[in-house]
Amino acid sequence: MFTVGFREFKSLMTSIRSIVIIAVLFGVTVGAASLVRQFEAQLQELGLGQDAYLMGLMLVLILVSPLFVTSLSHNAINKEIDTRTIRFLATKTSRDQIILGKFIGILLFWSVCIAVALLLIIPFSKTFSFLGLIQSIIFVAYFIGWSLLLSTVISKPALTMFLGIVLAIAFPVLGLWSTGTDKFYIEVIGYITPYFYYTQEETYYSYFVVIFPILFMLFSLFIFRKRDL
């Protein structure tokens, strides 16, 4: 499991797309932090204080992390099936460990990215937010689990890429829309997205999101056990 995870982590860290995504994430984070610093006095009057820097990073993750995660991991499973490398992996480890290893590797990659982003804003915020790190990782884990489920259910990488992009755009729109509407069907959709839980005043709501990647992984494990390799 850990071998599969390390292989996935190494693959993500050394890919061109990941380097571009990391550069964009870090660049926007530093740029947002610099912009916030210019209005530090006004933000303190509004009661935001140093938390505004963390809010800038969270805003970036909320808006673009679904697209980033999907673009990198939409084919985490079906790529292995399409190239027949899954048969080699299946002889070395169990199917459950392949799924769990993929999830661990991708989660570790994004944890490193978020941690470095938080380190980059320390000169501005003067602190490292462990709570912000945990909440950010939980948020990203939702889309990692969802991408793995999509890749397990659909066998064609090109199709998961297309659906992944469509859903990565639709989820933030529907999720944020559900927080400010009284339409019942939109509110119901909001409950299955992380946005509802991250827009509540009480921060402990964000920890409920952990349930979703666990469910996504359980469905992925169940489906992958039944698939012909």
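This tour moves through the structure from the whole chain to its core, its aromatic rings and its surface.

**The whole chain**

The model is a predicted one, in which local features need pLDDT of at least 70 and side-chain atom pairs count only at pLDDT 80 or more, while totals for chains, interfaces and linings use all residues. Residues are numbered from 1 along each chain as its sequence is written, and side-chain values use heavy atoms, with hydrogens and water left out.

Of the 229 residues in the chain, 46% are buried. Here buried means under 20% relative accessible area, exposed means over 50%, and partly exposed lies in between (1.4 Å probe, protein chains only). The chain exposes about 11800 Å², and carbon and sulfur atoms supply 70% of that area. Accessible areas come from the Shrake-Rupley method with a 1.4 Å probe, and for residues only the protein chains shown count as cover. Among contacts (heavy atoms within 4.5 Å) between residues at least 6 apart in sequence, 75% join residues at least 24 apart.

**The nonpolar core**

Next, select Leu25, Phe109, Trp110, Phe143, Ile144 and Leu148, the residues with the most contacts inside the largest nonpolar core, which has 53 residues. Such a core is a set of buried Ala, Val, Leu, Ile, Met, Phe, Trp, Tyr and Cys residues joined through side-chain atoms within 4.5 Å. Several helices each supply at least two residues of this core, among them helix 2 (16–38), helix 4 (51–73), helix 7 (95–120) and helix 9 (130–153).

Centre the view on Leu148. Beyond residues up to four places away in sequence, Leu148 touches Ala76, Ile77, Ile99, Lys102, Phe103, Ile106, Met217 and Ser220.

Then move to Leu12 in helix 1. Leu12 is buried, with a relative accessible area of 4%.

Select Ser136, found in helix 9. Its relative accessible area is 0%, so Ser136 is buried. Apart from residues up to four places away in sequence, Ser136 touches Met58, Leu61 and Ile114.

Ser65 is the next stop, in helix 4. At 1% relative accessibility, Ser65 also counts as buried. With neighbours within four places in sequence left aside, Ser65 is in contact with Val60, Phe139 and Val140. The C-alpha atoms of Ser65 and Ala168 are separated by 8.5 Å, while the residues stand 103 apart along the chain.

**Aromatic rings**

Now show the side chains of Phe, Tyr and Trp. Rings of these residues (for Trp, the six-membered ring) pair if their centres lie within 6.5 Å; planes under 30 degrees apart count as stacked, over 60 as edge-to-face and the rest as tilted. The count by this rule is 18 aromatic pairs. One of them joins Phe143 and Trp146 edge-to-face, with 5.7 Å from centre to centre and 70° between the planes. Both residues lie in helix 9, 3 residues apart, about one turn of the helix. Phe143 is buried at a relative accessible area of 0%, and Trp146 counts as buried at 8%.

Compare the rings of Tyr205 and Phe208, whose centres are 5.7 Å apart with planes at 80°, so this pair is edge-to-face. Tyr205 is partly exposed, with a relative accessible area of 23%, and Phe208 is partly exposed, at 38%.

To view one aromatic cluster, select Phe139, Tyr142, Phe143, Trp146, Phe171, Tyr191, Tyr195, Phe196, Tyr197, Tyr198, Phe212 and Phe216.

**The nonpolar surface patch**

Finally, switch to a surface view and select Leu131, Ile134, Tyr204, Tyr207, Phe208, Val210, Ile211, Ile214, Leu215, Leu218 and Phe219, which form a nonpolar patch with about 1000 Å² of accessible area together. Helix 9 and helix 13 are the elements that give two or more residues to the patch. The largest share, 5 residues, comes from helix 13. End at Ile214, which lies in helix 13 and is partly exposed, with a relative accessible area of 47%.

Technical notes: Helices (H or I, at least four residues) and strands (E, at least two) are DSSP runs, numbered from the N terminus. Patches are made of residues with over 30% relative accessible area and no salt bridge: like charges are joined within 9 Å, nonpolar side chains (Val, Leu, Ile, Met, Phe, Trp, Tyr) within 5 Å. A salt bridge is a side-chain nitrogen of Lys or Arg within 4 Å of a carboxyl oxygen of Asp or Glu.
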